[in-house]
Amino acid sequence: PDKHDPNVLHFAKHVKVCPYDWGSSIESILECTAAEENIRTTITSQKTQQKQQCPSTPSDELFDVIVAADCCYMPEYHPMLLESIHRLLHPSRGVALLPFALHSNTADERVWGILNAARDFGFRVEVLEAQQLTPQASHMDSKRALVHTVRLTHHDQE
């Protein structure tokens, strides 16, 4: 997309990137997003007054999109990752994307175990078409450059 496209710029101003440790309290990430929101609302007193009159509901603080890139290769952390996504993803419009490659640090089947684990958390699971990228180094196995993507949504979404 064209970086000067007004539609791209419109949505870009709503993007927030916040560091987060899987399984930790979601308060830290909600504080990160609230801090950015508070900066925007103090720009004009009118926005501040609107914010005070219409306090956000808990679902307003949740995420429409979560991208957890290259986070699936350690199966022992799948439960914490999925719990975090479950707690932070907006229930009616949220989507989580989990792009990853198989690192050969464990059996591939264990990494793919995230699909059943996600279903156990109540997610609708979709595996998108894999994309073969060029390996970053000549000694790198092409399998490490094959990017798989899992799309998660809550079951109550139509």
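I started with Ser84, which sits in helix H4. I took helices (H or I, at least four residues) and strands (E, at least two) as DSSP runs, numbered from the N terminus. The model is predicted, so local features need pLDDT of at least 70 and side-chain atom pairs count only at pLDDT 80 or more, while totals for chains, interfaces and linings use all residues. Residues are numbered from 1 along each chain as its sequence is written, and side-chain values use heavy atoms, with hydrogens and water left out.

**Helix H4**

I looked up the accessibility of Ser84 and found a relative accessible area of 5%, so Ser84 is buried. My cut-offs were under 20% relative accessible area for buried, over 50% for exposed and partly exposed in between (1.4 Å probe, protein chains only). I then listed the contacts (heavy atoms within 4.5 Å). Ser84 touches Tyr20, Trp22 and Gly23, leaving aside neighbours within four places in sequence.

Leu82 is in helix H4 too, and I noted it as buried because its relative accessibility is 0%. Leaving aside neighbours within four places in sequence, I found Leu82 in contact with Ile114, Ala117, Ala118, Phe121, Phe123 and Leu152. I also checked Leu82 against Ala96: they are 14 residues apart in sequence and 10.0 Å apart in space, C-alpha to C-alpha.

**Whole chain**

I counted six helices and four strands in the protein chain. From the N terminus on, I read their order as α-α-α-β-α-β-α-α-β-β. Of the 158 residues, 28% are buried. Among contacts between residues at least 6 apart in sequence, 70% join residues at least 24 apart.

**Largest nonpolar core**

I used nonpolar core for a set of buried Ala, Val, Leu, Ile, Met, Phe, Trp, Tyr and Cys residues joined through side-chain atoms within 4.5 Å. The largest one holds 27 residues, and Ile29, Ile85, Leu88, Leu98, Phe123 and Leu152 touch the most other members. At least two residues of this core come from each of H2 (27-41), H4 (78-88), S2 (95-100), H6 (114-120), S3 (123-132) and S4 (146-154). H4 gives the largest share, four residues. For Leu88 I listed contacts with Tyr20, Ile26, Ile29, Leu30, Leu62, Phe63 and Ile66, not counting residues up to four places away in sequence.

**Strand S4**

I next looked at Thr149, which lies in strand S4. Thr149 has a relative accessible area of 15% and is therefore buried. Not counting residues up to four places away in sequence, Thr149 touches Leu97, Leu98, Pro99, Glu126, Val127 and Leu128.

**Aromatic rings**

I searched the whole structure for aromatic pairs and found one. Phe100 and Trp112 are edge-to-face, 5.2 Å centre to centre, with 70° between the planes. Phe100 is in strand S2 and Trp112 in helix H5 (residues 108-112), twelve residues apart. Rings of Phe, Tyr and Trp (its six-membered ring) pair if their centres lie within 6.5 Å; planes under 30 degrees apart count as stacked, over 60 as edge-to-face and the rest as tilted. I noted Phe100 as buried because its relative accessible area is 2%, whereas Trp112, at 24%, counts as partly exposed.

**Second largest pocket**

I noted a volume of about 200 Å³ for the second largest pocket. A pocket is an open set of points on a 1 Å grid over the protein atoms alone where a 1.4 Å probe fits, with protein on both sides within 12 Å along at least five of seven lines; lining residues have an atom within 4 Å of a point. Grid points are joined across faces, edges and corners, and a volume is the space filled by probe spheres set on the points. This pocket is lined by 14 residues, with Ala101, Met140, Arg144, Ala145 and Val147 nearest its centre.
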